[in-house]
Amino acid sequence: MTAVQKIGAWVAPAGLGVAVAALAALALAGLGTRMGWWHFRAGFTLLFAGAVGGLAAAAVSATVLALTWLWPPDRAVLHRGMALAGIVIGVLAAAIPWQWKQAAQRVPPIHDITTDTEQPPEFVAILPLRADAPNPADYGGPDIAAQQRTAYPDLQPLPLPQPPEAAFTAALDVARRIGWEIVAAEPAEGRIEATDTTFWFGFTDDIVVRIRPAAEGSRIDVRSVSRVGRSDVGTNARRIRAYLKTLAGAA
């Protein structure tokens, strides 16, 4: 075995090991934050480390793969397979955070989204739950509204033909059906408050649905606010959009 083959013999499994570790770091970044093992910023650091590790593993594995073509076939098969696996897993580990970053750059750095930027629905029952939240419950005003209108011009109040009482029942049923945790349901005030948890990091976001009478039935407004993070990477807008689409189909 030549010196190059000897080096490749231990570098190939090392590259694969780093790639697997990088992918595991991505999973742990979210799991640890969700379970309260560390602060979410530590989770973001682990996410970045996983991305860097994935790139390094892919680069090392690609080098080994190139070298294996110079080896005798009987010695190259195993290490070539490990190198290919290291490239695929390493690229995957780097691609997930990269895609997340790209998504964050396509939307404004805001975390408070509502269908009514002039008179946003207000939280009542949820306020004590947000007492220690870094993000305030007060709406950010015209600047936030302008950024939202530019990024999400489709988010508008939903008109329903039903009277407010029936619209409230439908709105509450849909909120429960899609998995929101109901905090308050006040039909007399036309207000539903709930929380929703993001998939990966387990961030808790707060939602308030407001039902008001309109000329031909009811008007539904929704507001969704993240407790932490300057940018929600579009999560709150997607949540409101999905909720209103489901409610429109059910009403």
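The buried residues of helix α5 are covered by elements including β2 (158-160), β3 (181-186), β4 (191-197), β5 (204-214), β6 (217-226) and α6 (235-250). Helices (H or I, at least four residues) and strands (E, at least two) are DSSP runs, numbered from the N terminus. The model is predicted: local features need pLDDT of at least 70, side-chain atom pairs count only at pLDDT 80 or more, and totals for chains, interfaces and linings use all residues. Residues are numbered from 1 along each chain as its sequence is written, and side-chain values use heavy atoms, without hydrogens or water.

Helix α5 holds residues 164-177. Its 14 residues should span 20 Å at 1.5 Å a residue, and its end C-alpha atoms are 20 Å apart, which agrees. The expected span is 1.5 Å times one less than the number of residues. A167, F168, A170, A171, L172, V174 and A175 are buried (under 20% relative accessible area; exposed is over 50%, partly exposed in between; 1.4 Å probe, protein chains only). Just after α5, G179 takes a positive phi of about 100 degrees.

L28 lies in helix α1 (residues 3-35). At 36% relative accessibility, L28 counts as partly exposed.

Note on methods: Contact = heavy atoms within 4.5 Å.
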